[in-house]
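User: Hi! Could you walk me through this one? I'd like to start with the core and then hop around a bit.
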Number of protein chains: 2
Amino acid sequence: MNPTSKKQPHEGIVLPAGKQKLIDAALRLAARDGMSLSSVGLREMAREAGLNHNTFYRHFQRPEELLQAAADEVAAQIMAGMKEVRRRAARHADATVGAVEYFLDFVQANPQIFVVFARELNCIASPIRAVLLGVLNGIADESVEQINARNLVPLKDPELLFQVSLDITNYLFARSLDLIDRPKERKQLAAQLVAHIRRQFLGAIASR
Amino acid sequence: MNPTSKKQPHEGIVLPAGKQKLIDAALRLAARDGMSLSSVGLREMAREAGLNHNTFYRHFQRPEELLQAAADEVAAQIMAGMKEVRRRAARHADATVGAVEYFLDFVQANPQIFVVFARELNCIASPIRAVLLGVLNGIADESVEQINARNLVPLKDPELLFQVSLDITNYLFARSLDLIDRPKERKQLAAQLVAHIRRQFLGAIASR
DNA sequence: TGTACATCAGTGAACGCGCGTTCACTGATGTAC
DNA sequence: TGTACATCAGTGAACGCGCGTTCACTGATGTAC
């Protein structure tokens, strides 16, 4: 097995090089305006990947399988990126400011992932939506863990803390599009996000 | 002019019957899974509207014009619906509970409008996104007006009040998809929305 | 009042094109003996 | 060690189909005189 012919995207899962190329191409094309994963054509995707259109059938039996694989790829990249955001934020003097800044770095380094994420999240009743909702829940879970471990918020009700963390996670992902749309206004956006997060926790504390 | 051949959708603007049929068909089709306004085909749309595919060219020069008209239709229906929500909420004993309940009624009466709204809101750099962001801003504006008129929230900072109202509006629209997805869980969702709104205002008050 | 003409929504046939899918093939790598 | 075979990613031609678009036409309504 030639090691350069494979790509190791995350968590040690190694996909055939062509399969990975097709998934990457699908994500690149789905991030374009007015597109979604399911509206990307098979031939277009193969063209973008630099492969013959029939190579698709070597890796996927039906187009639907590509959707699932792409959703998993998005989920894995988001989870890995957010883990790094949390790791760096932990070393920052202000946990909230750090989390927001490193999150925005992550968004700007991988805009297309966030664009696709936001789009597919709104596909009702789709299995992709379920995967992405699971990702948001996972991120909220891990945020709660970090908050508890470092005693960042004086909130005893674990359910309320989780709900607030989930709301904040949703908010950050929704507003990531504003950063991609108008990167020049990053500073104002960062201030808004920090203020929003502070308000959320203050409100949760006050509501008890 | 035959009055039954025309439809009066909103604000007294009367569109030719065929044009309105095409817009309605486009919205119906765009609300399906994995679809968006721009991915609806011209022939499919005409078929759905019960018209010849060429009739499209009688009303729109290019497909892009239909997108704009559909976005305007969505905007008008949302604005009108929210006005009604606010009017009914004002008569309710608890303004927050009333607003949430009547909002959820509105969502369930017009699910496809909310599905399309959520999807098109995430189309970066599209003129449709600008229209829909304007709608959200307008709704937040009018909420602020109502809050001030009835002295519902003790918040002096008008900018902060607007930001919180906008965040809440965004939250309501984002979570409208959960109601469409799982209508049986409406009661829990309503409780979550009310709690979220209360937390937001409490947090804003506490942050001053 | 009637007649002629312009306007306009809607129709149906025809076009070229890119799509998804199938088929038969290639060439490299791994495996059995 | 060499030889034969299986596996598998990738290729290229061909198919039928629905798409967007153009064209010439119809039939109803409104308008000028």
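Analyst: Happy to. A nonpolar core here is a set of buried Ala, Val, Leu, Ile, Met, Phe, Trp, Tyr and Cys residues joined through side-chain atoms within 4.5 Å, and buried means under 20% relative accessible area (1.4 Å probe, protein chains only). This is a predicted model, where local features need pLDDT of at least 70, side-chain atom pairs count only at pLDDT 80 or more, and totals for chains, interfaces and linings use all residues. Residues are numbered from 1 along each chain as its sequence is written, chains are lettered from A and ligands numbered from 1 in the order in which they are written, and side-chain values use heavy atoms, leaving out hydrogens and water.

User: Which residues touch the most other members of the largest nonpolar core?
Analyst: A:Leu37, A:Met45, A:Ile78, A:Phe103, A:Phe117 and A:Phe173, out of 69 residues in that core. The largest share, 11 residues, comes from α4(A). Helices are DSSP runs of H or I with at least four residues, strands are E runs of at least two, and both are numbered from the N terminus.

User: And what does A:Phe173 touch?
Analyst: Leaving aside residues up to four places away in sequence, A:Phe173 touches A:Ile78, A:Met82, A:Phe103, A:Phe114, A:Phe117, A:Leu136 and A:Ile139. Contact means heavy atoms within 4.5 Å. Apart from this core lies another, of 68 residues, including B:Leu161 and B:Phe201.

User: Switching to α6 of chain A: how many of its residues are buried?
Analyst: Nine of the 11 residues in helix α6(A) (residues 111-121) are buried, so the helix is largely enclosed by the rest of the structure. Among them are A:Phe114, A:Phe117, A:Arg119 and A:Glu120.

User: What covers them?
Analyst: The cover includes α1 (17-30), α4 (63-90), α5 (95-109), α7 (127-150) and α8 (158-181) of chain A.

User: Over in chain B, at what angle do α1 and α6 pack?
Analyst: About 75°, with the axes of α1(B) and α6(B) 9 Å apart. Axes are lines fitted to C-alpha atoms, for helices over the stretch in contact, and angles run from 0 to 180 degrees between N-to-C directions. That makes α1(B) roughly perpendicular to α6(B), a label for angles of 65 to 115 degrees. B:Leu27, B:Arg28 and B:Ala30 of α1(B) meet B:Gln112, B:Ile113, B:Val116 and B:Arg119 of α6(B).

User: Last one: how many helices and strands does chain A have?
Analyst: Nine helices and two strands. The pattern along the sequence is β-β-α-α-α-α-α-α-α-α-α, and 49% of the 208 residues of chain A count as buried.

Note on methods: Buried < 20%, exposed > 50% of the residue type's maximum accessible area, 1.4 Å probe, protein only. Parallel < 35°, antiparallel > 145°, perpendicular 65-115°, else oblique.
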